[in-house]
Amino acid sequence: MGVEAVRAELVRTLPDDAIVTHPAQLRTYECDGLTGHPVVPALAVLPATAEQVAAVVRSCHRHGVPFVARGAGTGLSGGAQPHADGVLIVLARMRRILDIDVANQRVVVEPGVTNAEITRAVAAHHLYYAPDPSSQIVCTIGGNVAENAGGVHCLKYGFTTNHVLGLQLVTPTGAIVEVGGPVADTPGYDLRGVLVGSEGTLGIVTRITVRVCRTPQTAKTLVAYFDSPAHAGEAVAAITGEGIIPAGVEMMDNLAIRASEADAQVGLDIDAGAALLVEADGPAAEVDAEFDRVLALCRDAGATHIRVAADATERAQLWKARKAAFAAMGRLSPDYFVQDGVIPRTKLGEVLGRVAALSEETGFRVANVFHAGDGNLHPLVLYDASKGESEAAGEVAVRIVNMCVEAGGSITGEHGVGTDKACSMPKMFSEEDLAVMQRLRHALDPAGLCNPGKVFPTPRLCGERPGPYRPHPLEAAGLAERL
Amino acid sequence: MIAAVAPETLRPTDLAEARDAMVDAGRGRSLVIRGAGTKATWGAPSKPALVVDTTALTGVVAHDPADATATVRAGTPLAELQGHLAEAGQWLAVDPPHPDATVGGTFAANDSGPRRQRYGTLRDLVIGVTLVTSDGAVARSGGNVIKNVAGYDLAKLLCGSLGTLGLVTEVTVRLHPLPQVRRTVTADVDADAATAVVLDLLASPLVISAVDWHANTLAVWLEGRPAGVADQTRALHELLTRHGATGADADDGDAVWDAMAAGHAGEDGDTVVRAATLPSDLPAAASAFQRCLTEAGAEGTLTSHVGLGLHTARLTGGDADSQGRFIAAWRSAVAAVGGHVVVRRRLPQLADTATIWGPDPSAVALMRSVKAQLDPDRRCAPGRYVGGI
């Protein structure tokens with residue numbers, strides 16, 4: 001069998017402790033943050049260099065064996081879910097920071113370095129790595145690249161794709177190439193932009209050059225309380241409508257406030273219908289002026305009361321409460337699904353109303369925690385698996401994401417498609433859209449061995465055969481409907 | 001029906017006609033895609049049988065000021081779009097030096113101007129794209145929301161592809177608010193001092209929108225709210241003083257920035273060469289520029305987006321031989337500090353792939369593979385791109 005042939009080759013090229021074959025050890029890799037469908041890989045390897053990664057990939061390619069890359073395994077969409085007959089390539093040993101260029105604000109790292117480690121390495125120079133997913137203390141930069149990770153501050157500062165300058169890539173056929181680089185405008189197609197967010201389906205990144213940013217001179221944070229999420233949504237619309245791009249705008253509804261407060265105990269008002277956490281940062285005078293406007297707009301939108309963080313400690317506490325929201329849900333419910341839909345910011349009130357109605361209709365409580373500034377919703381559907389509610393709750397989560405697409409949004413803002421949402425892709429994209437994306441995939445991975453079964457709907461996953469590529473029907477109606 | 005303006009020019013007016021034009025009834029003719037033609041000289045010359053002219057694919061399809069997004073057809077002049085957006089106090093935050101360019105052409109060339117320092121390029125601002133391939137596939141990627149990771153990001157692939165992968169008919173973009181006020185501060189400094197000032201500026205908490213250097217003048221663009229800009233202007237003057245330089249203020253500084261834009265764009269008959277280095281390597285690029293110019297017997301000026309490490313040589317004198325010698329020598333000097341050089345405008349004699357693009361990039365095999373998948377018959381501007389793609 002293919003995997004056995006790969007193992008036999010790799011024992012000659014990799015150190016003994018870099019090959020995992022014991023079933024109990026393999027089981028530790030059976031899932032990432034999407035835990036519902038564990039798959040034990042046939043083999044796991046822990047390469048320490050790009051050359052070792054390339055050797056593994058070449059061996060897999062030679063024997064027609066699928067392979068999947070994995071960082072810290074914090075992804076929420078199953079992007080690092082192993083293949084039962086394949087090799088899992090674990091990048092945890094590639095965790096060196098290779099170069100720090102303070103003057104040019106660039107850092108070169110291996111994929112297993114955590115997001116937060118990059119900031120720690122440059123903090124003494126008043127620099128930081130801007131994308132800040134909630135899992136930043138443990139998630140790796142390699143995984144961030146695969147998923148185009150976002151975070152609280154990406155509304156103002158951009159996503160992973162805006163901060164990655166260059167990549168060293170092991171292609172799906174095992175070649176090592178450089179894509180982009182520390183210098184701008186590398187000649188040729190922007191493959192770096194294609195690779196970031198491709199969810200590990202176009203190769204394995206073994207070295208990453210990122211830009212780091214100067215820490216802002218000042219940051220100010222407030223929590224404004226409202227009777228309802230709809231009123232808080234009006235404040236968000238007023239802030240963005242005035243042309244203010246805050247460093248972050250986060251909303252929590254009453255359920256989320258209660259859970260976060262129980263966990264973090266920072267004095268949030270647990271009786272409020274909604275809380276809006278707004279941060280402004282930048283040059284001091286600019287921030288002062290902007291923050292005053294934000295305060296006024298929140299009051300105008302009907303804020304019942306507003307708490308302004310007095311100092312850095314209080315700011316950190318408020319953010320801790322926000323970032324604890326997901327984990328804190330355990331206090332409210334034994335199980336929950338985290339959804340990750342996006343809507344145009346102007347549809348906030350409408351979609352939240354529909355979510356509330358759905359909650360009422362189905363009897364499942366839904367807590368809302370989200371990046372209001374960019375319309376990225378994270379409704380949490382609370383359920384009890386021991387009562388056999390998993391399937392029905394999952395159905396509620398799917399219906400919420402369908403509402404997002406109907407409102408002109410997206411099925412995922414930052415968690416990725418992976419296996420979790422592959423079957424929802426046809427809700428957003430036509431067969432032809434997906435076929436062109438598949439052509440791109442085929443260009444880099446002609447054998448279809450690199451993280452197969454992710455991103456695109458497959459018969460095995462979705463129970464229906466996606467159509468083959470066909471020229472577009474000429475009917476104007478068809479074109480109009482799609483565009 | 002497609003109106004045939006000239007024998008080999010097709011000028012589609014909607015998506016269905018655009019698809020027909022690209023497919024060309026299966027006749028297999030090679031084509032180039034043309035908007036306003038302001039960057040027609042970029043890349044190596046391609047000798048197409050067909051021109052697909054986008055200038056009738058115009059109009060703002062949707063603009064939602066509250067969402068700060070807009071969808072616009074590719075042939076829309078960028079200036080026209082900016083005029084429309086300005087009525088709502090917004091703009092598409094890209095300021096390339098070609099005022100007549102179309103949105104689609106600016107995207108296909110990934111052209112940008114000084115305020116790229118703050119806002120990035122269209123690569124960073126386009127959130128959705130509609131593509132028509134040469135074999136008639138019509139595909140969308142991205143969407144209408146600023147945050148979205150569903151599916152491959154085809155917009156990144158197409159941005160800067162110079163029409164070699166297909167026709168972009170429409171883009172959806174993220175918009176920014178127009179700043180309330182702006183200010184330009186200039187100082188007379190040489191390349192070494194300019195670099196020292198800019199690295200210090202980047203390390204400071206000041207948030208600048210642009211910084212260019214040309215003819216020993218450094219210009220810094222500040223924008224935002226009145227109080228913020230006033231405060232930052234004071235801090236910038238202090239920083240310049242620490243470097244022994246004296247800053248001069250101008251409310252808008254249009255004249256300064258127009259001169260910078262002319263240095264980056266060039267005119268018909270010029271040869272324009274763009275080098276990229278790390279920002280700290282401006283002194284190396286500038287001294288090599290002077291030396292190579294003198295040795296080759298060419299004439300020209302250097303204009304730099306200092307904070308981005310992008311340096312434009314505009315050659316206005318010397319014959320093709322001397323300009324060719326300059327390009328080769330400067331390319332080699334820039335490569336020695338880890339940079340690269342690409343020719344934009346050029347004399348007709350400077351037409352070969354190696355002169356224009358330099359050595360093949362590391363990932364050229366992947367790029368060829370992408371081209372083969374999306375344009376299998378090599379009909380879109382064959383030979384124009386890197387590596388003869």
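**Notebook: a two-chain predicted model**

**Entry 1: Arg441(A)**

I began with Arg441(A), which sits in helix 16 of chain A; helices (H or I, at least four residues) and strands (E, at least two) are DSSP runs, numbered from the N terminus. Before going on I noted that this is a predicted model, where local features need pLDDT of at least 70, side-chain atom pairs count only at pLDDT 80 or more, and totals for chains, interfaces and linings use all residues. Residues are numbered from 1 along each chain as its sequence is written, while chains are lettered from A and ligands numbered from 1 in the order in which they are written.

Is Arg441(A) buried or exposed? Arg441(A) counts as buried because it has 22 C-beta neighbours inside 10 Å. My cut-offs: buried is 20 or more other C-beta atoms within 10 Å of the residue's own, exposed is 12 or fewer, and partly exposed is in between, with C-beta atoms placed from the backbone. Leaving out residues up to four places away in sequence, I found Arg441(A) touching Thr201(A) and Leu202(A); contact is C-beta atoms, placed from the backbone, within 7 Å. I also looked up Val266(A), 175 residues from Arg441(A) along the chain, and the two C-alpha atoms are separated by 47 Å.

**Entry 2: where chain A touches chain B**

Next I checked the interface, in which 76 residues of chain A are in contact with 74 residues of chain B. Several elements of chain A each supply at least two residues of this side, among them strand 9, helix 8 (229–241) and helix 10 (284–300). Which element gives the largest share of the side of chain A that touches chain B? Helix 16 of chain A does, with 10 residues.

By class, I have 35 nonpolar, 28 polar and 13 charged residues on that side of chain A. For the classes, Ala, Val, Leu, Ile, Met, Phe, Trp, Tyr, Cys and Pro count as nonpolar, Asp, Glu, Lys and Arg as charged, and the others, Gly among them, as polar.

**Entry 3: an open sheet in chain A**

I then followed an open sheet of 5 strands in chain A, in the order 5-6-10-8-9, with antiparallel pairing; two strands pair if DSSP finds at least two bridges between them. Its edge strands are strand 5 (97–101) and strand 9 (176–180) of chain A, each pairing on one side only. From one strand to the next, the twist averages 15 degrees.

Strand 6 (residues 106–109) and strand 10 (residues 204–211) of chain A pair over 4 bridges in the antiparallel sense. Opposite Arg106(A) I found Arg211(A) in strand 10 of chain A. Helix 4 (residues 115–122) of chain A lies across strand 5, strand 6 and strand 10 of chain A, and runs at about 130 degrees to strand 6 of chain A. For that angle, axes are lines fitted to C-alpha atoms, for helices over the stretch in contact, and angles run from 0 to 180 degrees between N-to-C directions.

**Entry 4: strand 19 of chain A**

In strand 19 (residues 376–383) of chain A, 8 of the 8 residues are buried, so the strand is largely enclosed by the rest of the structure. Asn376(A), His378(A), Leu380(A) and Leu382(A) point one way, and Leu377(A), Pro379(A), Val381(A) and Tyr383(A) the other way. In a regular strand, side chains alternate between the two faces of the sheet.

Which strands pair with strand 19 of chain A? I noted these antiparallel pairings:

- Strand 16 (residues 335–338) of chain A pairs with it over 4 bridges, and Val338(A) has Leu380(A) as bridge partner.
- Strand 17 (residues 341–342) of chain A pairs with it over 2 bridges, and Val342(A) has Asn376(A) as bridge partner.
- Strand 18 (residues 366–371) of chain A pairs with it over 6 bridges, and Asn368(A) stands opposite Pro379(A).

The hairpin of strand 18 and strand 19 of chain A has 4 residues between the strands, and there Gly375(A) takes a positive phi near 75 degrees.

**Entry 5: a glance at chain B**

Last, I turned to chain B, which has 13 helices and 19 strands. Of its 389 residues, 59% count as buried. In helix 2 (residues 78–86) of chain B, the residues Leu78(B), Leu81(B) and Leu85(B) are buried. Gly83(B) and Ala86(B) are exposed, on the face of helix 2 of chain B turned away from its buried side. The cover over the buried residues of this helix includes strand 5 (60–64) and helix 3 (103–109) of chain B.

Definitions and conventions: Two residues are in contact if their C-beta atoms, placed from the backbone, lie within 7 Å.
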